[in-house]
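User: I would like to learn how to read aromatic pairs and strand pairing. Where do we begin?
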Amino acid sequence: MESFPQSVNHLIDQFSKLPGIGRKTAQRLTFHILSLEERFSQTFSNALLNIHTKISHCSKCHSITEDDPCTICSDEGRDNSIICVVENPYEIFVFEKTNSFKGKYHVLGGVLSPLDGIGPEDLNINSLIDRIKPNTEIMLAINPSVEGETTSLYLAKILMEKNIKITKLARGVPVGSDLEYIDQATLIRAMEGRTSV
């Protein structure tokens, strides 16, 4: 390990735990913060603390919010008859950037992954079923990974018993990619071309 002071090494270690941040990038970030005024560090640390003290999960859709229910669930102008099911809260914001989906959302909180010990009871499936009313359309917008496809098939199987319309994103989304990296035009086409399961 480099012979940096202990507090510098500690911050480098913390940055290194973030996705996509290697040790060299963590060092650059640490030394950049060290070059800034102390006021920045205080503001930055407050922002990190606020993430955990002010943010909670919406009791309806399980997205992140400062108010419960979240602004999307509270919006009476949105279409209650279509629920877009996503893996995590970030993907809601990916869809919202397209300005083309006017329904509601539901966050599963992950995907089925037996190797990681994640089963149906670990996901927000029961609360999704509780939200279903007659004439509801469930649009499955789960990442097209092996685990995502397995989760979609599992959901389709249990939702078919509800006698509702079940759709999924069209195949414009490449297999193995994450929704956050899909361009808006592709995402809009995928939503418009969704197919029945």
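Analyst: Begin with what counts as a helix: a DSSP run of H or I, at least four residues long, numbered from the N terminus. Keep in mind that this is a predicted model.

User: How many aromatic pairs are there?

Analyst: A pair of aromatic rings is described by the distance of the centres and the angle of the planes. Here the count comes to four aromatic pairs. One of them is F40 with F44, which is stacked, at 5.6 Å centre to centre and 15 degrees between the planes.

User: Where do F40 and F44 sit in helix α3 relative to each other?

Analyst: An α-helix has 3.6 residues a turn, so residues three or four places apart point the same way. F40 and F44 are four residues apart in α3 (residues 38-53), so about one helical turn separates them. F40 is partly exposed, at 35% relative accessibility. F44 is partly exposed too, at 33%.

User: What kind of pair do F95 and Y105 make?

Analyst: A tilted one, because the planes stand at 50 degrees, with centres 6.3 Å apart. F95 lies in helix α5 and Y105 in strand β4, so the pair ties together parts ten residues apart in sequence. Both F95 and Y105 are buried. Together with F101, they form one aromatic cluster.

User: Do β5 and β6 pair in the parallel or antiparallel sense?

Analyst: Parallel: β5 (residues 137-140) and β6 (residues 165-168) pair over four bridges. The chain crosses from β5 through helix α7 (residues 146-160) to β6, a right-handed β-α-β crossover. By contrast, β6 and β7 (residues 195-196) run antiparallel, joined by two bridges.

Terms used:
Residues numbered from 1 in each chain as written. Predicted model: local features only at pLDDT ≥ 70, side-chain atom pairs only at ≥ 80, totals over all residues. Heavy atoms only, no water. Pairing = 2+ DSSP bridges. Right-handed = clockwise from strand over helix to strand, strands pointing away. Phe/Tyr/Trp six-rings, centres within 6.5 Å; stacked < 30°, edge-to-face > 60°. Buried < 20%, exposed > 50% of the residue type's maximum accessible area, 1.4 Å probe, protein only.
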